[in-house]
Amino acid sequence: MLYAMIALVCVLVIFVIISFFLMKKTYDFKIEDKNIIVKNIGSNIKVYEDEKLLAQVSYPDLINGEKIDLKLNEKLYTIVCKSGKMGYKIRIEIFHESKLICDNGVILKEKNKNKNS
């Protein structure tokens, strides 16, 4: 029985470690000759300009979409982060004045809002 409990705990620890590394993502964007880095690490999203931390969001709502506002060279940019159901895919879009400037190329499945009874 003790071996079974140790094996179960080991499986759970391995699952948590693998899930953490699957959710850890880093994306680079080039905006106005500046290198913008968006990191999704566990339950945090951090936005860097080169090595300088610009914004951080703890426990973001990625399923419904999280918006982060940035100010670069007196211009306001909005970063929208959204994930799929399981959280392993994340779509990042950068907007300036409601115009899409760039994204990371990830395409998420559309949710069916109308369910047939």
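**Exercise 1. State the strand order and the pairing sense of the open sheet.**

Step 1. The open sheet has four strands, ordered S5-S6-S7-S8. Strands here are DSSP runs (E, at least two residues), numbered from the N terminus.
Step 2. The pairing is antiparallel. Two strands pair if DSSP finds at least two bridges between them.
Step 3. S5 (66–72) and S8 (99–103) are the edge strands, each pairing on one side only.
Step 4. On average, neighbouring strands are turned by 30° against each other, direction ignored. Axes for such angles are lines fitted to C-alpha atoms; angles run from 0 to 180 degrees between N-to-C directions.
Step 5. Take S6 and S7 (residues 90–96): seven bridges join them in the antiparallel sense. Thr-78 stands opposite Phe-95 in S7.

The model is predicted: local features need pLDDT of at least 70, side-chain atom pairs pLDDT 80 or more, while totals for chains, interfaces and linings use all residues. Residues are numbered from 1 along each chain as its sequence is written, and side-chain values use heavy atoms, without hydrogens and water.

**Exercise 2. Describe the surroundings of Ser-83.**

Step 1. Ser-83 lies in S6 (residues 75–83).
Step 2. Ser-83 is buried at 5% relative accessible area (buried: under 20%; exposed: over 50%; partly exposed: in between; 1.4 Å probe, protein chains only).
Step 3. Leaving out residues up to four places away in sequence, Ser-83 touches Leu-62, Ile-63, Lys-89, Ile-90 and Leu-108 (contact: heavy atoms within 4.5 Å).
Step 4. Ile-63 is 20 residues away along the chain, yet the two C-alpha atoms are separated by 5.3 Å.

**Exercise 3. Count the disulfides.**

Step 1. Apply the cut-off: a pair of cysteine sulfur atoms within 2.5 Å.
Step 2. The count is zero.
Step 3. Check Cys-102: the nearest cysteine sulfur, that of Cys-81, is 12 Å away.
Step 4. Cys-102 is buried at 18% relative accessible area.
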